[in-house]
Amino acid sequence: MNSTTRRLLAAPLALAIATPALAAEKASASSRWLNSQITQSALKSGHVTANGVSYYYQVHGKEVHGKGGRGQAGPLLLLHGGLGQIEMFGPNLTALAKGRRVVGVDLQGHGRSSLGDREISLVEMGDDMATVLKSLGYSKVDVMGYSMGGGVAFQLAVQHPEMVRRLVLVSAGFSQDGFYPEMLPMQAAVGAEMAEQMKGTPMYESYMALSPRPQDFPKLLDRMGALMRKPYDWSDDVKKLTMPTLLVFGDSDMFRPEHVVKFYQLLGGGLKDAGWQREHMARNRLAILPDVTHYEMGLAPALAATVIPFLDKAEKK
C-alpha cells in the first residue's frame, strides 16, 4: 500500500472515517478493535427497521435510581464514526455504561446494519434514529455522536428536539469549511475503487466480519464519497439546538481551531466573560482534549471522563 493510499484511508469521510490510528495497524488487530467483550456484555441486541434500513443496536449498562450524581443518569444514544461500528468506542463505552443505559447503534451500511437502496444522508439518519428510539421504548434520551455519528446526532437534535435531553458532539463540525484545505482532495478521491486497496485493513476486515452483505463494501465507499463531496453548512441549524450541548474536539483535530471557536460562539458560548459569580456563564460547553487527533478520539481515555459529568448533570426545575 503506497503512502497516498494510506493518507486516503486516514482522511475524513466528510464527517468522517474516525479510525483511531487504524490505518497503521495490521489486519490481525481487527479483532481487538471489534472488542468482542463489548458485544458479549450487551444486555440485549437486535434490529429495528427505519425507512428501509435495518439498524442493529446493542443495549448496555443498567439504570441507576437515586438522588444526585449518577442517580440522575438517563439513557444515552451512542453513535460511532464513519466506517466504524458500536465497538469503536472501546473502553469509553464501558465507562459510559457504568450507571446508565447506553444504546449503541450501527449506522446505515456500517457494522451489522444494512446499506439499503438509498443514499447515505445525515438528515435521513437523524430521522431514523428517532424511529429506532421510539421502537425501543425511549421518548427522551441523551445523545452522543462521534465524527459522522456527530452529524447524525446533530440532525436528530435539530429535527426532534423533544427527544434529546442533552447533546454531545465529538469531533464534528457545522460546515465543510471547517476542514483543513488538504483534507478536501483526499475526500474527493474516496469511492469504490479504494475497496481493493483497503483489503487487509481493520476497517475492511471488520466490515467483512460483521456486515450482512460483505459484497456491499465498494457500494458503501461510493456512497460515503458522495456524502462527503456534498457541500453543507448547518450554521443556521446550530441556533435551533434547544438542549444543553457539549462540543468535544482534540487539540490536533481535523477541524481548524477557528471553526471550533465559531461553533461554540454559534451556541452562545465564548461571547463574554463568565463573571466572578458565574452570572454570565454560557449554557453550553466546549472541551479541547490535549494530545488527541480526530482519529484517536473514540478511544481517547479522556473522552468518557470529560463527557460523564456533563451528562450526569440534572436539569434545573
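Visitor: How many residues separate β1 and β2 in their hairpin, and which residue in the turn has a positive phi?

Guide: In this hairpin two residues lie between β1 and β2, and asparagine 51, in the turn, has a positive phi of about 50°. The model is predicted, so to speak of local features requires pLDDT of at least 70 and side-chain atom pairs count only at pLDDT 80 or more, while totals for chains, interfaces and linings use all residues. Residues are numbered from 1 along each chain as its sequence is written, and side-chain values use heavy atoms, with hydrogens and water left out.

Visitor: In which sense do β1 and β2 run, and what stands opposite histidine 47?

Guide: Strands are DSSP runs (E, at least two residues; helices are H or I, at least four), and two of them pair if DSSP finds at least two bridges. Here β1 and β2 (residues 53-60) run antiparallel and are joined by seven bridges, with histidine 47 opposite tyrosine 56 in β2.

Visitor: Where do these strands sit in the sheet, and which strands form its edges?

Guide: The open sheet has eight strands in the order β1-β2-β4-β3-β5-β6-β7-β8, with mixed pairing. Its edges are β1 (44-50) and β8 (285-293), each of which pairs on one side only. On average, neighbouring strands of the sheet are turned by 20° against each other, direction ignored. Within the sheet, β3 (residues 76-79) and β4 (residues 102-105) pair in the parallel sense over four bridges, and leucine 76 stands opposite valine 102 in β4. Helix α12 (residues 301-312) packs on this sheet, touching β3, β5 (141-146), β6 (164-170), β7 (245-252) and β8 (contact being heavy atoms within 4.5 Å).

Visitor: At what angle do helices α5 and α6 cross, and with which handedness?

Guide: The axes, lines fitted to C-alpha atoms over the stretch in contact, come within 8 Å and cross at roughly 70° for α5 (residues 122-135) and α6 (residues 148-159). The two helices are therefore roughly perpendicular (a class that spans 65 to 115 degrees), and their crossing is right-handed. Among the residues making the contact are Leu122, Met129 and Leu133 of α5 and Met148, Val152 and Leu156 of α6.

Visitor: How many aromatic pairs are found, and what parts does the pair of phenylalanine 174 and phenylalanine 263 tie together?

Guide: Rings pair if their centres lie within 6.5 Å, and planes under 30 degrees apart count as stacked, over 60 as edge-to-face and the rest as tilted. The whole structure holds eight aromatic pairs. Phenylalanine 174 and phenylalanine 263 are edge-to-face, 5.4 Å centre to centre with 75° between the planes. Because phenylalanine 174 lies in the loop between β6 and α7 (183-188) and phenylalanine 263 in helix α11 (residues 257-266), the pair ties together parts 89 residues apart in sequence.

Definitions and conventions. Axes are lines fitted to C-alpha atoms, for helices over the stretch in contact, and angles run from 0 to 180 degrees between N-to-C directions. Angles under 35 degrees count as roughly parallel, over 145 as roughly antiparallel, 65 to 115 as roughly perpendicular and the rest as oblique. A crossing is left-handed if the near helix is turned anticlockwise from the far one by less than a right angle, and right-handed if clockwise. Rings of Phe, Tyr and Trp (its six-membered ring) pair if their centres lie within 6.5 Å; planes under 30 degrees apart count as stacked, over 60 as edge-to-face and the rest as tilted.
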